[in-house]
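This report describes a protein chain for a reader who is new to structural analysis. Please keep the sequence and the structure in view while reading.

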Amino acid sequence: MNGVASEPPSLDAADYDPIQHLNLLFSHPSTVSSIGRVSSTLQSQHNDLSAEISSLQTAQAYGPDSSLERMQSAQAELAGLFKKIETVRSRAIQTEQNITSMTADIKRLDGTKRNLTLSMTALKRLQMLTTAYEQLRGLAKTRQYRECASLLQAVLQLMRHFNSYRSIDQIATLSRGVGELQRELLEQVCEDFEIAFAKGEVGARRATLVEACGVMDALGDNARARLVTWYVNTELREYRQVFRGNDEAGSLDNIGRRYAWFKRMMKVYEEEHAAIFPPHWRVGETLAMAFCDGTRDDYKGILEKSMRRVDGPKIDVNLLLGCLQETMDFEQTLERRFASEPRASIDTLSSADERTQNFNGSISVAFEPYLSLWVESQDKALAAMIPKYKAQPLLPPDEEFSPQAVISSAIELFHFYKLTLSQCAKLSTSERLLDLAKTLAKYLDEYAQQVLFAILQKPGPTGPSLQDIILVLNTADFWHANTGQLEENIKKRIDSELVPKVDLSSQADAFLGVASAAVIALVNKVEVDCEGAWREMKNTNWSKMESVGDQSSYVGELVSHVNAKAEEILAVVVKQQYARAFADKLVEHLANTYIHTIVQCRPISEVGAEQMLLDKYVLTKALENLLSHHNPSSQPQQHVPPSSFVKRVNTTMTRIDPLLKTLQVRPSPPEGLVQAYLIHVGDRSDTNFRKILELKGIRKQDHGHLMELFAIHRDGPGAGDKLVAQSPLLTPLMNAPGLGGVGVGAGNLNLMSIDRLASGPGAALSTAAQGAASRFDAASLGEKLLNAARDGVERMGTPAAHELAQQQSGAGQNNAASINENLKNFGKFFRRDIGGLGARFGKRDGSADDH
């Protein structure tokens, strides 16, 4: 078409593409003129195809082999198939009816045969039952129990087949006869046993009695239980008559006679009677349990009667404990005796039926309500031991002091606790054991306060000796560890529902509080030795110093005394954690005293403040090596102090720097002093700034101008957000009237505020610089601890003079409970303070993590 050389695609192709076809037809602009011819050709072809389709549709619809005819033919064939199926079903039903009618007679004959068989079996069983019944009656009259036992079982088994026929008169009569025969046999066997035991003919008639037990087995559990109950009552009749009808024989004093009587009776049973009864009856075990039940009831009555007695003496605790121990031994003997008995059968069913009797506590439970008397006796014993421990020497005369030694009374008390707990756990694991735990906790508090803490309150100018303090420290650590173990031991023994009520953590804290007080007492040993050096520092004229030189003379003396005394103390402190605690407290104390001495050295010039800063640096470097005196190596130069301790020393001592750096600044120009105060001290307090002026010795008439400048710079832009209201370093200083007085002594403060010392170097420094030094008075330690508890852990500063007097006057009225509570609080603070060192309290090997 149009001269196109390529063959156009077929319109019948499955992949026909009209665009491609058009491109072939109109491949050049000159072919556009042939559009009309191409269109007419396509229209002609379309018309031809439409005509062809119409002719095919007509032929398909109306031809001789059309689809309509085929559908009608298929429907006719389906209708014929359904008709054949219905014919087959009707024939099957007819066949089933024919077979049923043919087999009906056969089924009737089968039923007749089955009924006839049942009738013959029933008649045969009835004949056997009648015969066996007559034979059993004859054997019962002649007491032939061996044959009676087997025949009785057969009769009872046969009789069960006729339970549904009791409406028939003859069967009902026979059933009544069998029941009557059972009762006669039961009474006859019981009569034979009674006669044999009454006349003492058990040995002669043993064979008959053994066979009679077989009859009782056949008669069932009720018959067997009646015979066993009769036997138990017969054997225990004498016991009840002797020990219940006689107050003297039945008293607790004769408890051993009861058990001796039972042992004799059991010996007779095993030798003469055990062979009569079948083993699976467990007559011996039943007899023992009946004895225990009766004895328990007797004890309950005796104990109740003794407790209700008004005129006579109450129960003796030692007698009660002895009877209980003897009873528990007896129960254990019974438990071992009957738990080891061989079983009569080892088949699965019999083995599943375990022994139900349990003799543990079968008698001793009667004593449990009265164990409170025993707990009270332990309370009285401990109450008598505490004054004795307080008065006796810390170590036996023949024992020398050693750094690991523990006060001998602590070892004795520990063994007493261990024995008492073991005894009570055997007697009771319920409320009585909990009562004992509370009693033990009570006297742990008493021991901590009245024995250990009292040693630290020893009167005298120097207080307790170093050896005594170390013994208190070791003993407090010993009991701190063993208190936790004691609590765990009680929890393992006590009933599970009472475990949450057992808590000795407060007692452990009390002993840790004693250890904290001992560490503070060691620190004050150093304090007493350093008084001369601090006196020399106060006597130095710091306002006239012209130049800064080497360290001051007092520093060398102070370091010498600190090292000498610390070496002496650390040589006998075994555990690393306590050595570290001592070093930490000593550093805090020296920093506190240094600040307080600075206050007493006023006025201080700029050169004097610079010299003090140099002296502080020398003292800091010396204190970093404090721990080298603990467990020193053969080559001391190789000792490297723990990094954590060095950091703590520098942190504690560096807190003094803001004060000294501010004092270093000249008052002229005044703006420089004000700016130095705002930079180094950094608070908004007029009072604290005035303290700096007084420490520098600035004249009163110059204070006004400086205070005005301070207010201007303090309230100026950019300064308000950076300043605190009160500096924790300066606020406690010079609080007495006129800013010239002093508070309580620094030495006493360390013991007054153990809780605040334990709260960290910051709190210690804030409270330490409040007054003049005074000698450590160990006798007032308890009073000061009570005062410190009233002050509160979080409050900064020292009470005013009148408040302190009120506290001291009221301390003597506080009871021991207050001291114990404070000791527990101090223990918690002490644990928190040195818990970060990795120390594990309670370890007896003296080991600790290296920091």
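## Helix H12

The buried residues of H12 are Leu 371, Leu 373, Trp 374, Val 375, Ser 377, Gln 378, Leu 382, Met 385, Ile 386 and Tyr 389. These residues pack against H9, H10, H13 and helix H14 (431-456). The model examined here is a predicted one.

H12 contains 21 residues, and the distance from its first C-alpha to its last is 31 Å. This is close to the 30 Å expected at 1.5 Å a residue.

## The chain as a whole

The chain has 31 helices and zero strands. Of its 851 residues, 45% are buried. The accessible surface comes to about 43500 Å², and carbon and sulfur atoms account for 53% of it.

Among the contacts with a separation of 6 or more, 79% are between residues 24 or more positions apart.

## Helix H10

Helix H10 covers residues 317-339. Its 23 residues should span 33 Å at 1.5 Å a residue, and because its end C-alpha atoms are 32 Å apart, the two values agree.

Which residues of H10 are buried? They are Val 317, Leu 320, Cys 323, Leu 324, Thr 327, Met 328, Phe 330, Glu 331, Leu 334, Glu 335 and Phe 338. The buried residues of H10 pack against helix H8 (255-273), helix H9 (283-308), helix H12 (371-391) and helix H13 (408-427).

## Helix H7 and its kink

Where is the kink in helix H7 centred? The kink, of about 40°, is centred on Leu 236, within a helix that covers residues 221-244. Leu 236 is itself buried, as are Ala 223, Arg 224, Leu 227, Val 228, Tyr 231, Val 232, Thr 234, Glu 235, Tyr 239 and Phe 243.

## Aromatic rings

A pair of aromatic rings is described by the distance of the centres and the angle of the planes. The count for this chain comes to 28 aromatic pairs. In one of them, the rings of Tyr 239 and Trp 261 have their centres 5.2 Å apart and their planes at 35°, so the pair is tilted. Tyr 239 belongs to helix H7 and Trp 261 to helix H8, so the pair ties together parts that are 22 residues apart in sequence. Both Tyr 239 and Trp 261 are buried.

The rings of Tyr 677 and Phe 689 have their centres 5.1 Å apart, and their planes meet at 80°, so this pair is edge-to-face. Tyr 677 is in helix H23 (residues 670-680) and Phe 689 is in helix H24 (residues 686-696), 12 residues apart. Tyr 677 counts as buried because its relative accessibility is 0%, and Phe 689 counts as buried because its relative accessibility is also 0%. One aromatic cluster is formed by Phe 193, Phe 197, Trp 230, Tyr 231, Tyr 269, Phe 277 and Trp 281.

## A residue in helix H20

Thr 620 is found in helix H20, which covers residues 606-623. Is Thr 620 buried or exposed? Thr 620 counts as buried, because its relative accessibility is 4%, and buried means under 20%. Apart from neighbours within four places in sequence, Thr 620 is in contact with Val 649, Asn 650 and Met 653.

Terms used: Residues numbered from 1 in each chain as written. Predicted model: local features only at pLDDT ≥ 70, side-chain atom pairs only at ≥ 80, totals over all residues. Heavy atoms only, no water. Helix = DSSP H or I, 4+ residues; strand = E, 2+ residues; numbered from the N terminus. Buried < 20%, exposed > 50% of the residue type's maximum accessible area, 1.4 Å probe, protein only. Contact = heavy atoms within 4.5 Å. Areas by Shrake-Rupley, 256 points an atom, 1.4 Å probe, with all protein chains shown as cover. Expected span 1.5 Å × (residues − 1). Bend = angle between axes of the 7 residues up to and from the residue. Phe/Tyr/Trp six-rings, centres within 6.5 Å; stacked < 30°, edge-to-face > 60°.
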